[in-house]
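Morning, everyone. Let me put the model on the screen, and then I'll walk through it chain by chain.

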Amino acid sequence: MKRRHIIGVLTILVLAAFWYLATGPLALISPGRFPSPLDVWDALRQVSIKGYANGLLYQHVLQSLQLVALGFAVAIATGVPLGLLMGWNRRAEALINPVFSIIRPIPPLAWIPLAILWLGLGDAAKVLVIWFAAFVPSVINSFTGVRRIEPYVIEAARMLGTKRYRFLQEVLIPAAAPSIFTGMRLSLQASWTTLVAAELVGALYGLGRILNVAQQDIYPGMIFVGMACVAFLGWLTTWLLAEIETRSLPWIQLGRV
Amino acid sequence: MAVIHFDGVQKTFGHKGNGFVALDRIDLKIADKEFIAIVGPSGCGKTTCLRMVAGFEFPTAGTVNVDGRQVTGPGPDRAVVFQQFALFPWKSVADNIALGLRNKGIGKTERGKRVADAVKLMGLEGYEAAYPHQLSGGMQQRVAIARAYVLEPDVLLMDEPFGALDAQTRTTMQEELVRITRRNPRTVLFITHAVEEAVYLADRVVIMTRRPGRIKEVIDIHSVREAEKWSEHERIEDVMDLESFIHWRTHIWRSLREEKSDQDQ
Amino acid sequence: MSTSSSPLRTSETIAYGAAGIVLFFGIWSGLSWFGIVPRQFLPTPYEVVAKAVQLLSTPFAGGTLQEHLLSSVLRFAYGFLLGAVIGIPLGLMMGWYRLLDEIVSPIFDALRFIAPIAWVPFAALWFGTGIGGPILIIFAGAFPPCLINAYRGARFVNRSLIEAAQMLGTGNTRIILEVLLPASLASIVAGLRVSAGIGWQSLIGAELIVASTGVGFMMVQAQLNISTPIVMSAMLAIGLVGLFIDIALRWLEATVRRRGLA
């Protein structure tokens, strides 16, 4: 493992050096196409201190985070119960599945124009689309989570006389938990993707807005900053989710993703 | 000259604080065309010994030499027959057998001939185009043996090869192995849990202690077999009925039991 | 307690399913027909289908529905194939050559969290409205699953198969082609399916922003013109194509599994 880290760090350093040289002294890449490390630094300072696209960096980040958090939360709150219900109750599944199957293939991003038509260019449209994007994986994975429970677990619970609410809390949900978390991971990924897209299409604030304006201004340094922020926040939220998962499911041994 | 030579071999697994000694000190010389069986309690390191000759593991101290050269990695000169067969599920029987020959760069015609010979040797006629999942365990192991034999290896390494088979298939395979090694003798290193199997097949039986593994005793079965004329009996059950067989089998059992009785499991 | 464990009879499944669909379309039609939601925002299902049919012969925003779809599908195909052709071999090699894995992994992990759509500004900067832009974005989406699944497939091959191959004196290239690849096939095909889904979605996203043809572009134009029926027809078309691609890959997955490649 140690060797792996060393080589990893070396690779990054070599790339960083190449980046610096290629955009600087060796002039292999023109500044109009890709920013130099210095350009990125300048852009970062600008957006953090002076502001860009009508706001400071932390304001944009907060805006984006808010929307993702809201959309994600509502999606989990609606999707997981629905998925569990469909997994547990065959009638519910039979009722909902056909409709779900019709709507499912439509990529969440394809809802953006419709959402804008319905709700305008504001936050509501974005949350709607994020909700939809995060909703689908939650439902599917919660559903699978229930279906995958081995019959003998349920039989054992029944034999022990476990009733409704306790059954839900102490058997069904823990058993389906790993799948539910997988679904949440996918939902989170989908949330970020959709958010960035929605903000690129039309927004007043947010990371996507930074990217949009930077593109129009032909400001590669700022584009880079925007993308790096998106990547970082994506990674951070995913890591947070993984931590929550590990704490909540101590009986599971998680492998590396 | 010894073909396989374990010289002061030790093997430790794991890191400094956290490791365990699998093999304490192994000194063993195996002669050309000798059939050696290693028996011992679980975890005694017998498989590790085989894997070191195969080149999948390396000793932490001492050397393992084959034909005077130290073992540096796996190769077709030391063919392995695995307990779980390790056949390639996507290749037919013929292709499985042929892979080693292709790696050696042997041409198509010669290859076809050798594969056909191996198929005939192992009684696999008619199954050349079949896939592993279509075959029984016994058949699959025959393919694995054919695959090893076709390489004409100096050493044949068999790691509990019949362990995954049912009792009847097992006996059939033991008889097969005797038949093949009689026709086509090789140096064989054979790992097993089954004492009877070891006594039936081997020239010498090496008994190992429990972990950390050491050689407890080496029994010369060959001289007993010659003296008592075991080979005159066709069937295993007849051989296993002989007093001399039972004597040595029980001796080895008792020796192993001493190792087990102090063990927790 | 509920009777979940017992599957429904086929007749029941169909009945409930039909009920669900009827309910769905009924409510939709009702909301639209009775003006509870303004027609402008929610056309009836019939209007959407009629519009879709109309778009097959009447061009909108530069082309008929099929023409736009063709543009989109072609872009998707290029990006997706590029992602597979680079991702799968690279993944297999990374699964085999440790050094390669150690070098590429940190780069890959760093880039992985960038939503494909975030590449749009650079894509626009480098390729303008040319085809390179959308292809870059599709590639950014399609590449990771192909790589990851090939890598995982190769890394988790049964150890004794690898040892057997080494014992037989198999060279590295042959091990990758004749052992790792067949052993990873199931994983690779599963990755292709995920990859196609993300790729198709990334394409649509890209077309919403930097395209002058294609179904996504068509949708944006319709939105700007406040033609909700066209927007919904486009959504329908997009969904159908996406579904078709998914079904095709599922079929491939099932075939690979059926061929008993264990």
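Chain B has nine helices and 10 strands. Those are DSSP runs, numbered from the N terminus: helices are H or I with at least four residues, strands are E with at least two. The radius of gyration of chain B, over C-alpha atoms, is 19 Å, close to the 18 Å from the globule rule for 265 residues, so chain B is as compact as a globular protein of that length. The rule is 2.2 Å times the number of residues to the power 0.38. The C-alpha trace of chain B spans about 55 × 50 × 35 Å along its principal axes.

A caveat: this is a predicted model, where local features need pLDDT of at least 70 and side-chain atom pairs count only at pLDDT 80 or more, while totals for chains, interfaces and linings use all residues. Residues are numbered from 1 along each chain as its sequence is written, and chains are lettered from A and ligands numbered from 1 in the order in which they are written.

Now the interfaces. Contact means C-beta atoms, placed from the backbone, within 7 Å. Two pairs of chains are in contact, and A and C share the most contacts. Chains A and B do not touch; their nearest C-alpha atoms are 13 Å apart.

On the A–C pair, 50 residues of chain A meet 51 of chain C. Elements giving two or more residues on the chain A side include helix H1 (2-23), helix H8 (164-201) and helix H10 (220-248) of chain A. What is that side made of, by residue class? It divides into 37 nonpolar, seven polar and six charged residues. Nonpolar is Ala, Val, Leu, Ile, Met, Phe, Trp, Tyr, Cys and Pro; charged is Asp, Glu, Lys and Arg; the others, Gly among them, are polar.
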